[in-house]
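Let's take a walk through one protein model, a few spots at a time. Keep the picture open as you read.

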Amino acid sequence: MITSQFHYRNGVLHVEEIPVKDLIAEYGSPLYVYSATQLIQNYRAVRAAFAPLDPLICYSVKSCGNIGVLKVLANEGAGMDIVSGGELQRALVAGVPPERIVFAGVGKSREEMQQALAAGIFMFNVESTQELDRLQAIAAIAGKKARVALRVNIDVADPDTHAKTATGGRHTKFGIPLQQAQELYLSTDRSALEINGLHIHLGSPIPSPHTYTTAFDKVIEVIKQLRKVGHDITMVNIGGGYPVSYRDPNDIEVPSIGEIGARICEKLHALHGQGVKFMIEPGRVISATAGMLLSSVEYVKQGWDRKIAILDTGMNSLIRPTLYGAHHPIWPVSYEDYSGSWGIYSTAVAGTQEMDVVGPICETGDFFALRRRLPPLSEGDVMAIFCAGAYGMSQASQYNSRPRPAEILVEGTRSSVIRRRESYKDLLEHEIDSL
C-alpha cells in the first residue's frame, strides 16, 4: 500500500520526518521539495502492477528530470525514457546504464542520434520515415546497429485527457499512421537498423483503463498481421500516461496503478506468453505525488468580490494551472491542530472563504487556483502546493527575470539540496559577455 509522505502532525505539515517550516527556514521560499521514500513507493507500485509482463520500466525524465530524483530511481533499477540529448546526459550522469535508456520524441537531431549511438542506448522510438532514413545513415557511418521501435499512431484518444497532452489521436504530431507503419515494417531493408519493436503512447493522464485496452486490441491485431507475412515484433513499448489524483490521496474515482496494471496485463498476457518483451514509460504516476512547491504569501488584498492571495512565485515555477487548467491542492503548512493526510484541504470548509491564489508574474493567467476555499491568510504564511512533482520544475522558466527555486530531497530526517536556488548572476551570465 502506498502511504503519503506529506502529512500534518499537530497542525504542522511534515515531509517524511521533517517539518516544512524547518525547510523554509533553512532553504528559503519558494522551494520545491521531493520525498525519496514517496518516489520509491510509487516506483515499486508500478513495478508490482506490471509484474506479470516483467517490463523494462523506463521512467519519463521529462516529468521531473532532476539528477537527484533520477539517482533515487536508478538505484531501484529504473531505466529512463528520454526525449533529448540533454535528458540523455542527465540519465548517464545519474548512473543509469545505457542499455536501460530508450530515446523517444518527434524531432531528434543528427547530433542527438550520434550521442545516443555512441552511448549505446537500448532503443530508438522512431516517429517518421524521414527519421528512419536519418538514423540509418548515421548508424551506418558509425558502424553501429540501431535497435528501433516504430511509434505507431493508432488513432485512439481518451475524451477525458486534455487536448494539449493527448498524443494518440490522428490529428497529433506523434507517431506514424497505422497503415503507413505496417508498410514500413514490411518494406524496410536497412543494414544498420534492427526494426523489431512497436511503440504507442496515448497521452497523459489517461483516466480510463478502457482506453488502454482498446488501443492494445489494435496493437495485437497489427502484430498478428505482421507475423502472417513473416515479420516478427519482439519488443512492445506500451507507453505511460497513468493517472494520479490531484484532489485527494485516497480518491477512489481515479483508478489505481494496480487496477490499471491488472487490466493491461490481462489484455497482453498472450503476447507475453509468445515471447514478446515489454517496456513502459511512466512519469507522472511516479513523480507527481512525490513533490510539492512551497511558496510564501506576499500580500492578501480585497478584490471586487473576493480576496486575492499573492504568492512569491507563480507560473514561472508551476505553469500547469495556466497551461492545462490543472487542479493542484493548496493549503497552509500550518493548520490549527490537525493531524493526518494533506487531503484535509478537500473537506475543511468551516471557517474558509473563497479566494484566488495568484503569483507575481505580469500575466492575467498567472494563477494557481481561482475561487478556491481557504482559511484566512496573512503576509508571510507559507502555502503548500501539492502534487507538483510532475511537470513542475521541469517546465519552470525565468520569465519576468525571476530566478528558479531550489530543489530539496528529503529522506527520513535528512534533507539535501539537489538544485541550488538560482541567483541574479545566473540570470545574466549568458548575456554579460555581449556588453
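## A histidine and an arginine

The side chains of H327 and R372 are joined by a polar contact of 3.5 Å. (A polar contact is a pair of N or O atoms within 3.5 Å; within protein, one must be able to donate a hydrogen and the other to accept it, and residues adjacent in sequence count only if both atoms are side-chain atoms.) You'll find H327 in the loop between α11 (320–324) and β16 (330–332). Helices (H or I, at least four residues) and strands (E, at least two) are DSSP runs, numbered from the N terminus.

Is H327 buried or exposed? With 19% relative accessibility, H327 counts as buried. Buried means under 20% relative accessible area, exposed means over 50%, and partly exposed is in between (1.4 Å probe, protein chains only).

## Where the picture comes from

This is a predicted model, so to speak of local features you need pLDDT of at least 70, while side-chain atom pairs count only at pLDDT 80 or more and totals for chains, interfaces and linings use all residues. Residues are numbered from 1 along each chain as its sequence is written, and side-chain values use heavy atoms, with hydrogens and water left out.

## A four-strand sheet

Next, look for the open sheet, where four strands sit in the order β3-β2-β1-β17 with antiparallel pairing. At the edges stand β3 (18–19) and β17 (340–341), each with a single partner strand, so one side of each has no neighbour in the sheet. Two strands pair if DSSP finds at least two bridges between them.

Start with β1 (residues 6–9), which pairs with β2 over four antiparallel bridges. H7 has H14 as its bridge partner in β2, and H7 also stands opposite S341 in β17. Two bridges join β1 to β17. H14, in turn, has P19 as its bridge partner in β3, and β2 (residues 12–15) pairs with β3 over two bridges. In the hairpin of β1 and β2, two residues lie between the strands, and N10 takes a positive phi near 50°.

## A buried lysine

K108 lies in the loop between β7 (101–103) and α5 (110–119). At 4% relative accessibility, K108 counts as buried. What does its side chain reach at 2.7 Å? The backbone oxygen of N125 is there, and the backbone oxygen of G105 also lies 2.7 Å from a polar atom of the K108 side chain.

Leaving aside neighbours within four places in sequence, K108 is in contact (heavy atoms within 4.5 Å) with F103, M113, F124, N125, V126, E131 and R134.

(The expected span is 1.5 Å times one less than the number of residues.) Its buried residues include L39, Y43 and V46. An α-helix has 3.6 residues a turn, so residues three or four places apart point the same way.

Over in helix α4 (residues 85–93) is L92. At 30% relative accessibility, L92 counts as partly exposed. Not counting residues up to four places away in sequence, L92 touches P98, I101 and A119.
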